[in-house]
Amino acid sequence: MLRMVALAGDPYEMGLQLGKEIRGLTPYIRELFDAVRREIGENPSLEKLVEDMREVVERHSPEFVQMLEGVAEGAWFARDILFETTCSTFLRHMLHYGLECSVWAVKAEHTSHGEPILAKNRDKRVRYKPLHLFVYARPKGGLAYFASTNAGDPGVAGGGMNERGLTVFSTYVASSDIGVGLPDNVLAKMILESCSTVEEAIDFLKSVPRLGQFTFTLGDAKGDIAVVEVGYRELDVEIPEEGYAFRTNHFKSARMSEKYYDPYHYTAYEREDTLARWRHLDERVRGALGTIDLNFVKRLMRYHDPGGHSICRHVGEGDVPVETVASMIALPKRSRILFAEGPPCEHPYLTLDLGGGMP
Ligand SMILES: [Zn+2]
């Protein structure tokens, strides 16, 4: 069953609403938290890292912390654990997670209806699947947005679109360029709440401390698209001249990939997987330039690869249990987003027009 939560009000009120909605999941969130801590084992630097992260998030996004307090209150859940579970991209780094998400974007000149399109399949380890949640938020004083995120997370963990049509789709990248800064879910939320254009989002990303380890593919109603590869020290912006771009789980730019891409702990399958999914997207999108329409996009997001590197992921493919938990197709010019929960080959896309409130 599709899980979608509507939130409105100030940060604390939105958090409280979210917390109440996910209260039934708190034992499971706690179980996952304990399992992750066990897998990481003794790590004296972890407490310090979490403390430093908290300071940075509090300084740059007090609203995030206020919302987190609301979630903790509404869900009857410990605030500190909630913070660690929702701001802990660095934990993924320690656990070497990686095989997650395929994203692409094309500009208006390549589509049959003359509008830019962005698409993302969000993949997760199956044990995180029960946490998936779509959120439609109308924050007081900010822009309304739709997002794919995780139960309990006040941020935007999987990406989304705001009422102006600005779209942010993230992918995770294993990188050694990581440090104490804002994680991707906090940054995506801040962008959706306050930016209207790709240019504004890029300027914003350059102006704040970043944890790193991710890419943001951006698109707006003006028709601009860009990809930002984000690290702690460095950041690379790609404005694709050819009018299309892809991201899976490795960096493309020389600046980020040569110095920082860190697939050391990946299996051979995983190293090939991020490259293979990129190739699938690249070949298919190139082959359809000028004629790309919604049917093409849906087919591509439902693509199963006989070689085991699918865009639409299912357990049993590859050497770790990963599944597509959400698929999103963005039409920024109309502030319209299509979304499916679970692998899109099994679930229909629903449509939400963000300019017009709830469907
Ligand atoms: Zn499928």
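## Overall build

The chain contains eleven helices and 14 strands, and the model described here is a predicted one. Along its principal axes, the C-alpha trace spans about 50 × 45 × 40 Å. For 359 residues, a compact globule would have a radius of gyration near 21 Å, and the value of 19 Å for this chain agrees with that.

Of the 359 residues in the chain, 49% are buried.

## Helix α4 and what covers it

Helix α4 runs over residues 62–75, and its 14 residues reach 20 Å from the first C-alpha to the last, which is close to the 20 Å expected at 1.5 Å a residue. Ten of these 14 residues are buried, so the helix is largely enclosed by the rest of the structure. The buried residues are Glu 63, Phe 64, Val 65, Met 67, Leu 68, Gly 70, Val 71, Ala 72, Gly 74 and Ala 75.

The cover over the buried residues of α4 includes other helices, namely α1 (11–21), α2 (26–40), α3 (44–60), α5 (79–86) and α7 (184–194). Just after α4, Trp 76 takes a positive phi of about 55 degrees. As a background to this value, most residues other than glycine have a negative phi.

## The largest nonpolar core

The largest nonpolar core holds 92 residues, and within this core Ile 117 and Ala 201 touch the most other members. Helix α4 gives the most to this core, with seven residues. Leaving aside its neighbours within four places in sequence, Ile 117 is in contact with Val 106, Thr 111, Ile 292, Val 297, Ile 329, Ala 330 and Leu 331.

## Strand β2 and its two partners

Strand β2 covers residues 102–106, and it is mostly covered, since five of its five residues are buried. In a regular strand the side chains alternate between the two faces of the sheet. Both faces of β2 are covered, with Ser 102, Trp 104 and Val 106 buried on one side and Val 103 and Ala 105 buried on the other.

Strand β2 is joined by five bridges to strand β3 (residues 117–125), and the two run antiparallel; in this pairing, Trp 104 has Ala 119 of β3 as its bridge partner. Four bridges join β2 to strand β11 (residues 244–247), and these two strands also run antiparallel. Here the bridge partner of Val 106 is Tyr 244 of β11.

## Two loop residues with positive phi

Cys 101 is found in the loop between α6 (89–95) and β2, and it has a positive phi of about 85 degrees although it is not a glycine. Cys 101 has 28 other C-beta atoms within 10 Å and is therefore buried.

Gln 213 likewise has a positive phi, of about 75 degrees, although it is not a glycine. Its place is in the loop between α8 (198–207) and β8 (214–219), and with 25 C-beta neighbours inside 10 Å, Gln 213 counts as buried.

Tyr 260 belongs to helix α9, which is made of residues 254–260. Because Tyr 260 has 22 C-beta neighbours inside 10 Å, it counts as buried, the cut-off for this being 20 or more. Although Tyr 260 and Gln 213 are 47 residues apart in sequence, their C-alpha atoms are 9.3 Å apart in space. With neighbours within four places in sequence left aside, the contacts of Tyr 260 are Ser 175, Ser 176, Asp 177, Gly 231 and Phe 251.

Asp 34 lies in helix α2, one of the helices included in the cover over the buried residues of α4. With 11 C-beta neighbours inside 10 Å, Asp 34 counts as exposed, because the cut-off for an exposed residue is 12 or fewer. The C-alpha atoms of Asp 34 and Val 135 are separated by 26 Å, and the two residues stand 101 residues apart along the chain.

Notes:
Residues are numbered from 1 along each chain as its sequence is written. This is a predicted model: local features need pLDDT of at least 70, side-chain atom pairs count only at pLDDT 80 or more; totals for chains, interfaces and linings use all residues. The expected span of a helix is 1.5 Å times one less than its number of residues. Two residues are in contact if their C-beta atoms, placed from the backbone, lie within 7 Å. The radius of gyration is taken over C-alpha atoms; the globule rule is 2.2 Å times the number of residues to the power 0.38. Two strands pair if DSSP finds at least two bridges between them. A nonpolar core is a set of buried Ala, Val, Leu, Ile, Met, Phe, Trp, Tyr and Cys residues joined through C-beta atoms within 7 Å.
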